[in-house]
Amino acid sequence: LGEVGRAVSSSLDIHSVLTSIVTHAVELSQADAGTIYEFDEAAQVFVPQANYGLAEALIEALRESRIKVGESGIGQAAATRAPFQIPDLERASSYPLAFLRDAGYRALLAVPLLREERVIGGLVVRRKVAGAFPPAVVDLLQTFATQSVIAIQNARLFREIDEKSRALAELSRNQEQLSRLSTTLQEPLSLSEQLARVLDA
């Protein structure tokens, strides 16, 4: 947890921070694989942002699955705003991600990433052995979920600041051009020369 905390507070590289979180979450929960999703509010789907222990083909299948609130493990966790687990995927006939079951995964635990009750993503760990995850592991995953929320919020704030900085820089360049144009128009030039400079600007 200390390592994850340091990663969250010392880096703005969202992918590396979330990869660190999901790696530690999988290892400490004695699972086999895991994924951290970010919730795309515009499309209303969960987008995988970091994975650990999954083959590339499964990662691609997850990207294409476009899970919504109420669907799959993470969708159920998001709908209830609480951890949700499936102890045996082979007995969960309505589970939509059959490719994970076919790959040998038998149990999963999903924890929503919440900021003031607003869903911003989810953390899922998967195991190849059936059975419920104990309460201590559920508590641990909730701690990792909190770290993930901080990392995602940091990245979003950084993106917003970066976008605003670019907009301010563009405004500053426009202001300089207008200032130069204003100075030019005060010079004793012919009308055609002044209009030419306006057109250039």
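Predicted model: local features only at pLDDT ≥ 70, side-chain atom pairs only at ≥ 80, totals over all residues.

- Arg63 and Glu60 pair up through their side chains in a salt bridge, 2.8 Å from N to O.
- Both residues sit in helix α3 (residues 56-65), three residues apart, which is about one turn of the helix.
- Arg63 is partly exposed at 42% relative accessible area, and Glu60 is also partly exposed, at 35%.

**Bridges around Arg106**

- Asp88 makes a salt bridge with Arg106, with 3.0 Å between the closest N and O atoms.
- Asp88 is in the loop between β3 (84-86) and α5 (98-102), while Arg106 is in the loop between α5 and β4, so this pair ties together parts 18 residues apart in sequence.
- Asp88 is buried, with a relative accessible area of 15%, whereas Arg106 is partly exposed at 23%.
- Glu90 and Arg106 also meet in a salt bridge, at 3.8 Å from N to O.
- Glu90 is exposed, with 53% relative accessible area.
- Through shared partners, salt bridges link Asp88, Glu90, Arg91 and Arg106 into one network.

**Positive phi without glycine**

- Ser72 isn't a glycine, yet its phi is positive, about 60°.
- Ser72 belongs to helix α4 (residues 72-80) and is buried, at 10% relative accessible area.
- Glu117, another non-glycine residue, has a positive phi near 70°.
- Glu117 lies in the loop between β4 (107-115) and β5 (118-127) and counts as exposed, at 52% relative accessibility.

Conventions
Residues numbered from 1 in each chain as written. Heavy atoms only, no water. Helix = DSSP H or I, 4+ residues; strand = E, 2+ residues; numbered from the N terminus. Buried < 20%, exposed > 50% of the residue type's maximum accessible area, 1.4 Å probe, protein only. Salt bridge = Lys/Arg side-chain N within 4 Å of Asp/Glu carboxyl O.
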